[in-house]
Amino acid sequence: MRHAITLRIGPATFRIGSAWRQPIAELGRLYATYPDMDGAIADFTVRLQPTSLARRWVRPSIFITGDHGLADAAPMSLAHGLLAAEMGMNLQMALGWRRHLLLHASSVEKDGRVLVMTGESGSGKSTLAALLGERGWRFMGDEFALLDMDSGAILPFPRLVSLKNRAIDVVTQAVGVARMGPLLAATAKGDIRHMVPRGDAVARMGEGGMPALLLFPRFGHDAAVRPVGQGEIFMRLTQASTNYVALGEPAFTALTRFVANVPARAIDFPSGDDAIAMVDRLWEQLA
Amino acid sequence: MPDLDGATAYRRDETDAVATCVLDDLVLLYHHRSGQTHMVISPVPEILARMADGAPVSAQAMHDRLARDYNLGPVDDAVAEIGAHLDALVALGLVRPA
């Protein structure tokens with residue numbers, strides 16, 4: 001393709017090619033502190049290509065594909081090219097990664113131990129990981145936590161943090177505008193803006209830790225903490241994993257060990273500050 | 001096979017083996033042959049445990065085995081329920097007709 005960049009995020013290397021310069025330039029700026037992988041052999045290829053020849057120039061329209069693709073993926077406007085690239089990388093991981101059990105979860109680390117947070121889009125798990133990453137925790141990832149099936153450790157996948165709607169202002173105030181990407185207005189998921197993780201998150205992205213606490217956050221409710229039964233935890237984690245079935249018995253063994261060993265709670269919270277206070281308290285009590 | 005009486009019989013083969021994990025409120029079964037994970041509660045784990053020898057067993061015979069350890073209530077109801085569980089296990093591929 002005319003424009004390309006090779007990026008390494010945690011253990012995975014991506015080559016992203018694009019028919020247009022803009023998405024690659026934006027990735028280059030936001031991933032400037034990540035390892036320079038120019039010329040490396042990539043695990044995955046992502047391609048941002050026009051939906052038709054004319055759509056390269058006239059109302060440019062991006063079709064996301066690569067080693068793994070979805071035939072019916074909705075095309076995106078060039079203005080959202082950065083989001084298309086990020087979605088393309090997530091798609092490759094979700095459909096193609098086999099070296100670890102993928103959990104759709106954010107994670108942060110303190111003292112070598114890891115807090116894992118899982119929930120649907122809008123649960124607040126990305127925002128919470130981003131804010132904790134500014135308050136003494138090491139940010140490990142906002143989208144995928146990689147569970148090593150041999151050791152039981154969680155490994156980082158610290159890509160750009162994808163923030164939506166109200167979370168954008170909260171996090172921009174906390175980290176400053178220099179670490180924020182362009183505002184991508186009115187995407188299919190609302191307004192989106194990416195945040196560059198702190199330097200320590202990138203420098204230590206090869207370093208995992210043992211999981212010590214699992215939280216199911218839920219933003220927008222009165223503060224509450226609830227226990228969660230192990231059966232429900234197992235079911236929610238298998239639903240939150242895109243490769244549990246593909247990995248077979250090692251995934252069963254690793255996930256049951258995770259569920260049996262890691263204390264878990266569901267937390268509801270009305271604001272980021274409330275959530276951080278709850279996390280600190282639960283970490284003190286349980287981890 | 002004296003306890004079959006011509007009734008439908010069920011058995012587990014070595015190839016039907018599962019890995020088991022007890023969580024606090026249920027039992028997980030990982031079925032090697034299909035790669036499927038099943039979440040089950042009583043009496044399914046108890047039924048499967050009593051088929052570990054691989055010998056054919058009818059619903060009535062399974063009732064008699066379970067009744068040694070559990071109070072199952074009226075016999076006809078319990079046998080019917082056990083038969084329904086065994087048929088469901090056949091449908092899942094965890095048990096096969098003898």
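**Entry 1: a proline in chain B**

In which loop of chain B does Pro43(B) lie? I found Pro43(B) in the loop between E4 and helix H1 (44-49) of chain B, where helices (H or I, at least four residues) and strands (E, at least two) are DSSP runs, numbered from the N terminus. I then looked up the peptide bond from Ser42(B) to Pro43(B), and noted that this bond is cis, with omega near 5°.

Before going on, I wrote down that this is a predicted model, in which local features need pLDDT of at least 70 and side-chain atom pairs count only at pLDDT 80 or more, while totals for chains, interfaces and linings use all residues. Residues are numbered from 1 along each chain as its sequence is written, and chains are lettered from A and ligands numbered from 1 in the order in which they are written.

**Entry 2: chain B as a whole**

Along its principal axes, the C-alpha trace of chain B spans about 35 × 30 × 20 Å.

Of the 98 residues in chain B, 28% are buried; a residue is buried if 20 or more other C-beta atoms lie within 10 Å of its own, exposed if 12 or fewer, and partly exposed in between, with C-beta atoms placed from the backbone.

**Entry 3: a sheet in chain B**

I looked next at an open sheet of 3 strands in chain B, which has the order E2-E3-E4 with antiparallel pairing; two strands pair if DSSP finds at least two bridges between them. Strand E2 (18-22) and strand E4 (36-40) of chain B are the edge strands, each pairing on one side only. Between E2(B) and strand E3 (residues 27-31) of chain B I noted 5 bridges in the antiparallel sense, and Val18(B) stands opposite His31(B) in E3(B).

**Entry 4: chain A as a whole**

Chain A has 9 helices and 16 strands. Its radius of gyration is 19 Å, close to the 19 Å that the globule rule gives for 287 residues, so chain A is as compact as a globular protein of that length. The C-alpha atoms of chain A fill a box of roughly 60 × 45 × 35 Å along the principal axes, and 45% of the 287 residues count as buried.

**Entry 5: strand E14 of chain A**

How many of the 10 residues of strand E14 (residues 210-219) of chain A are buried? I noted 7 of the 10, so this strand is largely enclosed by the rest of the structure. Strand E7 (residues 113-118) of chain A is joined to E14(A) by 5 bridges, and the two run parallel; here Val114(A) stands opposite Pro211(A). E14(A) is also joined by 6 bridges to strand E16 (residues 264-269) of chain A, again running parallel, and Leu215(A) stands opposite Arg265(A) in E16(A).

**Entry 6: two helices of chain A**

I looked up how helix H1 (residues 21-30) and helix H2 (residues 81-96) of chain A pack, and found an angle of about 70° with their axes 8 Å apart; axes are lines fitted to C-alpha atoms, for helices over the stretch in contact, and angles run from 0 to 180 degrees between N-to-C directions. That makes H1(A) roughly perpendicular to H2(A) (angles under 35 degrees count as roughly parallel, over 145 as roughly antiparallel, 65 to 115 as roughly perpendicular and the rest as oblique). H1(A) contributes Gln22(A), Pro23(A), Glu26(A) and Leu27(A) to the contact, and H2(A) contributes Gly81(A), Leu82(A), Ala84(A) and Ala85(A), where two residues are in contact if their C-beta atoms, placed from the backbone, lie within 7 Å.

**Entry 7: two residues with positive phi**

Asn165(A) has a positive phi of about 50° although it is not a glycine; I found Asn165(A) in the loop between strand E11 (161-164) and helix H4 (166-175) of chain A. Ala186(A), found in strand E12 (residues 184-187) of chain A, has a positive phi near 55°.

Definitions and conventions: The radius of gyration is taken over C-alpha atoms; the globule rule is 2.2 Å times the number of residues to the power 0.38.
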